[in-house]
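Here is a brief report on selected local features of one model. Please look over the sequence and the fold before reading on.

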Amino acid sequence: MTNPAERLVDLLDLEQIEVNIFRGLSPQESLQRVFGGQVAGQALVAAARTTDGERPVHSLHAYFLRPGRPGVPIVYQVERVRDGRSFTTRRVTAVQQGRTIFNLTASFHKPEEGSFEHQLPPARKVPDPESLPTVTEEIREHLGALPERYERMARRQPFDIRYVDRLRWTVAEAKDAEPRSAVWMRAVGPLGDDPVVHTCALTYASDMTLLDAVRIPVEPLWGPRSFDIASLDHAMWFHRPFRADEWFLYDQESPIATGGRGLARGRIYDTEGRLLVSVVQEGLFRAL
């Protein structure tokens with residue numbers, strides 16, 4: 001049986017069915033909709049497959065238009081918008097059962113030496129990932145036996161996630177908390193040496209915990225849910241090369257939530273504090 005990291009690599013290995021058309025699997029899950037990070041990661045794979053492979057992606061901007069159905073394949077149609085001397089632009093439309101569910105624009109940049117470089121340091125110091133419990137360990141500590149729902153999630157989870165701050169289980173614990181969250185993450189197994197796989201795997205992971213920052217002041221991160229949450233749009237900027245099977249810190253915050261929508265932004269660092277990726281996402285929040 002393949003491990004979750006191998007399944008993630010398989011999930012990102014699209015079938016090419018025409019010059020600019022690809023098909024991706026959509027696993028049958030108990031979720032109501034296809035995980036947004038999966039669609040974003042697969043769409044980025046499709047875009048990258050139509051470039052010369054010499055230009056890494058430096059940014060993407062995406063919109064989640066309709067919920068995807070688990071278990072139904074997704075077709076990715078790529079438009080070759082521009083092939084310039086330094087930049088390549090691709091537009092990807094994800095279609096499921098004849099309906100557009102997602103679109104993405106990605107820009108690829110020919111590597112070059114910059115004339116200057118700077119970076120703000122991480123906002124806070126955090127414990128090493130190895131010193132923190134896994135999400136599964138925290139759940140077991142709180143609940144004793146792991147509920148079947150969490151057990152299934154743990155078995156198929158392709159990323160090891162470790163929350164820097166203790167998980168909140170009650171509304172009282174969440175009350176008046178700042179809208180901030182930070183997690184250490186890495187793939188649970190090797191992802192190979194293809195940089196595109198690592199970029200698309202991290203794109204997958206970037207949608208897993210980002211909206212936690214919006215929820216923190218109003219409901220527990222684990223336990224009973226008070227809101228139905230859906231990603232609306234997603235933007236990423238890739239600053240430096242990285243491996244998604246090595247530890248990275250995802251520092252997240254929500255500057256505002258209003259009108260049924262919440263905005264979250266994240267910064268992804270390596271273990272040396274170098275900024276790798278910047279992320280911004282807006283989500284829809286509706287009371288259950």
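The text below covers strand pairing, a loop residue and a helix.

This is a predicted model: local features need pLDDT of at least 70, side-chain atom pairs count only at pLDDT 80 or more, and totals for chains, interfaces and linings use all residues. Residues are numbered from 1 along each chain as its sequence is written, and side-chain values use heavy atoms, leaving out hydrogens and water.

**Strand pairing**

Helices (H or I, at least four residues) and strands (E, at least two) are DSSP runs, numbered from the N terminus. Two strands pair if DSSP finds at least two bridges between them. Strand 3 covers residues 57-64 and runs antiparallel to strand 6. Strand 3 also runs antiparallel to strand 9.

**A loop residue**

Gln 97 lies in the loop between strand 5 (87-96) and strand 6. Its phi is positive, about 55°, although Gln 97 is not a glycine. Gln 97 counts as exposed because its relative accessibility is 54%. Buried means under 20% relative accessible area, exposed over 50%, and partly exposed in between (1.4 Å probe, protein chains only).

**Helix 3**

Which residues of helix 3 are buried? In this helix (residues 135-143), they are Val 135, Glu 138 and Ile 139. They sit on the same side of helix 3 because they cover an arc of only 100° around the axis. That arc is taken from the directions from the helix axis to the C-beta atoms. After helix 3 comes Gly 144, with a positive phi near 85°.
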